[in-house]
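Dear colleague,

Please find below the structure that I am handing over to you, with its sequence. My findings follow directly after it.

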There are 2 protein chains.
Amino acid sequence: MTKVTPWDVSGKLDYNKLIKDFGVKSIGKLPKQFTDNILFKRGTIFAERDFKHIIEAVENKKPFIMLTGLMPSGRFHIGHALIAKQMIFYQSLGAKIYIAVADIEAYNTRGKTLEELREIAIEEYILNYIALGLKPENVEIYFQSQRSQNANKASAYYRLQNQLSAHITFNEFKAVYGEVTPGKMVSALLQVSDILHPNLPEFEAKQIPIIVPVGIDQDPHIRITRDLAKRFKGAKFGPVCSTYNKFMPGLKGGKMSSSDPYSHIALTETPKEAKKKINKYAFSGGRETVEEHRKKGGNPDVDVSFQYLRMMFEEDDVKLAQIEKDYRSGKLLSGELKAILIEKMSTFLEGHHKKREKARSQLSKFIK
Amino acid sequence: MTKVTPWDVSGKLDYNKLIKDFGVKSIGKLPKQFTDNILFKRGTIFAERDFKHIIEAVENKKPFIMLTGLMPSGRFHIGHALIAKQMIFYQSLGAKIYIAVADIEAYNTRGKTLEELREIAIEEYILNYIALGLKPENVEIYFQSQRSQNANKASAYYRLQNQLSAHITFNEFKAVYGEVTPGKMVSALLQVSDILHPNLPEFEAKQIPIIVPVGIDQDPHIRITRDLAKRFKGAKFGPVCSTYNKFMPGLKGGKMSSSDPYSHIALTETPKEAKKKINKYAFSGGRETVEEHRKKGGNPDVDVSFQYLRMMFEEDDVKLAQIEKDYRSGKLLSGELKAILIEKMSTFLEGHHKKREKARSQLSKFIK
């Protein structure tokens, strides 16, 4: 059975069905700034809510905000990089970037101390964001447990969380999230405040559209946020817009998970480790034998190495098309396809590790 | 049926039964500092939890905190003055006073704007506290919606509220409060943070005992607070102590309520209005006719005027005993008893109104 909630994604995903079930829109025609981006042009970002406001802001060079949250748990892997790459993309388009470190949510649902969570957030997430290209200009990274060094801003953020609780019922929470606990409910309210607070008078103080790029499993948060934005009379918010990306498949097929090291490539792994994992675990769309593969060809649609190339590691459309063609025809063997990914991955990881070490000295420009 | 929850008090109250039901302790032997106080000596404060820590602090001149919350709704009446008088009493004993304006709770449960609630808090509560004798030294008055002008303090207070949610279940909330809504649950968590946060490192940073004087209906909050203080590992709190006062009866008998002007005397009423109300509405323990009263005597135990004298307006034990004796014997008529209260009340209100106008210029010493 397929199950998609913010706490659990399982089963086989039919994205067309999800679009219908969740009531989101397929991504329509986009201007060049977007279709040049690998995630848009390859359909990895496949659906949206009210994205027109963001397109309009980009086309007319009007201000907009991108907000994302990070849950400091486990290792930062290539699946996480999907969101990071969008963050950096929107920054290049002129967005102001808000990054919420969901340490309160992690504390409430995972039982680590805030100190441990801070360390994970910095080592695994923020250093990797910087290494991936996040610039310090026009970025606000904050911890849910300490929103701001400015008391008026801090209070405004938590005040909004508290006030929002008056505008929602338990049944609505249950309808959206399934079973909830006080800790999850409070975290959900804080997440709504994360998305809405940039438009409060204490922050941007304008009704600026905000884009929240998420996996489709996070849409319940978006729905609740949009509903609460309408109900809450105390402030005027800009449009809450969202896009939805497909999940990057796990190395063995199935789900990519932080807690299962054989389901992902972490951005702190050595090229050697990554090579070993890809060779040993990457789910292949190839045939049982070389003879059969040569004759019938492989299936790139289910081949994890090909999917990683398509989603992230081969930007060049011509090269990717050639790989796909050769694999489908049987000319390219599974081992050879893996070798292409390994080559790309090694180059990426080597460069990334150097950038990540340099990023450490930049940290103070990002976190106060 | 008697019902006592933080949201509803109804029915006839048997305080001995409440002591048993709630698992609190009767007030025991007290040192002179306490028995000199009208509320303690007359048994209006009738029960406690862990009060020994406060007695010990007073006797050994060690620091302690008194915290109370005010719900900014409706007019400040003589029932509210019961808590205000304790606040001023504890200040005279050396306590640091924390006063939480529960504007978030009022917003979440009563649907007024924060601006309206701020005005009510100042006009009805804080000005009256000052007029009743609250001194600006060693007092922190704060609004739940804006805890502090110091960002570290503000965040610490809301962070604690958020973290506490991880340590309680919905069923516990329901067992203590009956049916709850998200707004009530969030308010209850904020109230726990109100009581516990003074001992956080960002505030007093010591494990100082804290006394929270409340009506017995507020004990569920105290129970939840004490439980959460034990469960929460992130900080060490001092003992959470409480005392319970009996309710001041409403003018007509029954409950005193802000929303029913004929059930209370407000501290902003003129002596003339108060006189009219007492004469017209005050429930009397007297007999149907003067003859019967002279013969059988009145019942001071149910006479509201006598109760007001006993609880608040006649400090002199000898005079009160004489009034009681004369009323019980039939020598003192109901109208005469009312006249004694009216005389006391008029003197009090006249003096209070002058003090309240002077208090306005003091306000900036109390609220930043």
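In this predicted model, 28 residues of chain A are in contact with 28 residues of chain B. On the side of chain A that touches chain B, the elements giving two or more residues are helix 6 (103–110), helix 8 (151–164), helix 9 (170–177) and helix 10 (182–196) of chain A. Helix 8 of chain A provides the largest share of that side, with seven residues. By residue class, the side of chain A that touches chain B comprises 13 nonpolar, 13 polar and two charged residues.

The relation between the chains is as follows. Chain A is superposed on chain B by a rotation of 180° with 0.0 Å of shift along its axis, and the RMSD is 0.0 Å. The two copies are therefore related as by a two-fold rotation axis. Within chain A, Ala151(A) has the C-alpha nearest the axis, at 1.9 Å from it. Both copies use the same surface, since 100% of the contact residues of chain A recur in chain B.

I also examined helix 8 of chain B. This helix (residues 151–164) has 14 residues and reaches 20 Å from its first C-alpha to its last, close to the 20 Å expected at 1.5 Å a residue. Helix 8 of chain B is mostly covered, with 11 of its 14 residues buried. Among these buried residues are Ala154(B), Tyr157(B), Tyr158(B), Arg159(B) and Leu164(B). Their cover includes elements from both chains: helix 6, helix 8 and helix 10 of chain A, together with helix 10 (182–196) and helix 11 (219–231) of chain B.

Turning to the domains, the assignment for chain A gives domain 1 (3–247) and domain 2 (261–356). Taken over C-alpha atoms, the centres of domain 1 of chain A and domain 2 of chain A are separated by 30 Å. Their contact takes 12 residues from domain 1 of chain A and 12 residues from domain 2 of chain A. On the side of domain 1 of chain A that touches domain 2 of chain A, helix 5 and helix 7 of chain A each supply at least two residues. The residues of that side of domain 1 of chain A divide into six nonpolar, four polar and two charged.

Helix 7 of chain A bends by about 35° at Ile122(A). Its buried residues include Leu117(A), Ile120(A), Glu124(A), Tyr125(A) and Asn128(A). The buried residues of helix 7 of chain A pack against strand 5 (65–70), helix 5 (78–92), strand 6 (96–101), helix 6, strand 7 (139–143) and helix 16 (334–366) of chain A. Just after helix 7 of chain A, Gly133(A) takes a positive phi of about 125°.

Finally, Ile265(A) lies in the loop between strand 9 (240–245) and helix 12 (271–281) of chain A. Ile265(A) counts as buried because it has 26 C-beta neighbours inside 10 Å, the cut-off being 20 or more. Leaving aside neighbours within four places in sequence, Ile265(A) is in contact with His77(A), Ile78(A), Ala274(A), Lys277(A) and Met345(A). By C-alpha positions, Ile265(A) and Pro209(A) are 34 Å apart in space, and they are 56 residues apart in sequence.

With kind regards

Technical notes:
Residues are numbered from 1 along each chain as its sequence is written. Chains are lettered from A and ligands numbered from 1 in the order in which they are written. This is a predicted model: local features need pLDDT of at least 70, side-chain atom pairs count only at pLDDT 80 or more; totals for chains, interfaces and linings use all residues. Two residues are in contact if their C-beta atoms, placed from the backbone, lie within 7 Å. Helices (H or I, at least four residues) and strands (E, at least two) are DSSP runs, numbered from the N terminus. Ala, Val, Leu, Ile, Met, Phe, Trp, Tyr, Cys and Pro count as nonpolar, Asp, Glu, Lys and Arg as charged, and the others, Gly among them, as polar. The bend at a residue is the angle between axes fitted to the seven residues ending there and the seven starting there. A residue is buried if 20 or more other C-beta atoms lie within 10 Å of its own, exposed if 12 or fewer, and partly exposed in between; C-beta atoms are placed from the backbone. The expected span of a helix is 1.5 Å times one less than its number of residues. Copies are superposed by least squares on the C-alpha atoms of residues with pLDDT of at least 70 in both. Domain bounds come from an automatic or database domain assignment.
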